[in-house]
Amino acid sequence: MLNKIFDWVDERLDITPLWADIADHEVPEHVNPAHHFSAFVYCFGGLTFFIVVIQVLSGMFLTMYYVPDIINAWNSVYYLQNEVAFGQIVRGMHHWGASLVIVMMFLHTLRVFFQGAYKKPRELNWVVGVLIFFVMLALGLTGYLLPWDMKALFATKVTIQIVEATPILGPYLKTLIAGHPDIVGAQTLTRFFAIHVFFLPAALFGLLAAHFIMIRKQGISGPL
Ligand code: HEM
């Protein structure tokens with residue numbers, strides 16, 4: 001049945017070369033943990049991506065209930081957590097995933113660093129990786145405010161004070177991020193929400209596409 005559908009589409013759009021490029025790719029022996037146990041370190045990038053996918057999917061479901069304004073935000077999260085079927089699980093996945101993805105990404109970065117996999121010809125992919133790193137940290141930071149409880153509010157006040165301490169540009173950056181020169185409030189919440197669900201994911205998808213295209217083009221590094 002699946003083959004028939006594939007053949008039907010292939011006859012019209014010639015998708016075999018595309019499919020072969022994606023699916024029929026030989027994985028070198030030195031990255032296969034079945035051959036060399038220590039090769040498990042090569043899994044960290046893929047595991048990071050797996051959690052990113054979970055974050056995107058769980059986040060999409062969270063936005064069905066979450067209300068990004070200062071009157072309703074906390075209550076909408078409370079309702080989601082305590083009343084909505086599976087809400088606790090979906091929120092829990094997003095909450096714990098947010099920490100786990102940073103840990104995985106860090107392990108992946110350590111693998112690349114200690115194997116020297118950032119060296120020529122992979123310097124550009126390291127640079128893209130560093131940008132991904134900042135985008136991922138910013139996702140964690142902006143998401144932290146959204147529950148709009150005391151912890152979220154005061155953590156973000158601290159963040160904004162740190163931004164404000166930037167030499168010369170401090171006050172401007174603060175207003176840009178908080179949406180107001182001295183209040184962390186309604187504008188900050190909507191701004192962080194938009195950044196968390198639209199701006200940063202868009203940047204992340206573009207950067208990940210570049211990351212994966214470069215990996216495919218250059219092949220995985222090694223063996224050491
Ligand atoms: C969401 C975050 C990220 C994801 C999903 C991701 C995913 C991947 C995957 C699947 C690979 C293939 C090999 C492997 O898994 O180890 C890879 C390779 C690579 N990554 Fe990442 N990565 C991320 C972040 C980073 C960061 C933060 C850096 C560095 C600052 C980085 C630098 C590299 C480099 C240089 C390679 C090529 C390594 C080689 O050929 O041995 N990546 N990445």
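In helix 9 of this predicted model, the buried residues are Thr188, Leu189, Phe192, Phe193, His196, Leu200, Pro201, Leu204, Leu207, Leu208, His211 and Met214. An α-helix has 3.6 residues a turn, so residues three or four places apart point the same way. The cover over the buried residues of helix 9 includes helix 3 (43-62), helix 4 (73-82), helix 5, helix 6, helix 7 (150-164) and helix 8 (170-178).

Helix 9 has 33 residues, which at 1.5 Å a residue should span 48 Å, and the 47 Å between its end C-alpha atoms agrees with that expectation. Just after helix 9, glycine 219 adopts a positive phi of about 75 degrees.

Isoleucine 195 is also among the residues touched by threonine 142, together with Phe192, His196 and Leu200, when residues up to four places away in sequence are not counted. Threonine 142 belongs to helix 6 (residues 123-145), and its relative accessible area of 5% is under the 20% limit, so threonine 142 counts as buried. Its side chain forms a polar contact of 3.1 Å with the side chain of histidine 196, a residue that is itself buried in helix 9.

Histidine 211 is buried, with a relative accessible area of 13%. For comparison, ideal angles for six octahedral donors are 90 or 180 degrees.

| Residue | Helix | Relative accessible area |
|---|---|---|
| Threonine 142 | helix 6 (residues 123-145) | 5% |

As for the whole protein chain, it has nine helices and zero strands, and its C-alpha trace spans about 55 × 50 × 35 Å along the principal axes. Of the 224 residues in the protein chain, 31% are buried. Among contacts between residues at least 6 apart in sequence, 66% join residues at least 24 apart.

Key:
Residues are numbered from 1 along each chain as its sequence is written. This is a predicted model: local features need pLDDT of at least 70, side-chain atom pairs count only at pLDDT 80 or more; totals for chains, interfaces and linings use all residues. Side-chain values use heavy atoms; hydrogens and water are left out. Buried means under 20% relative accessible area, exposed over 50%, partly exposed in between (1.4 Å probe, protein chains only). Helices (H or I, at least four residues) and strands (E, at least two) are DSSP runs, numbered from the N terminus. A polar contact is a pair of N or O atoms within 3.5 Å; within protein, one must be able to donate a hydrogen and the other to accept it, and residues adjacent in sequence count only if both atoms are side-chain atoms. Contact means heavy atoms within 4.5 Å. The expected span of a helix is 1.5 Å times one less than its number of residues.
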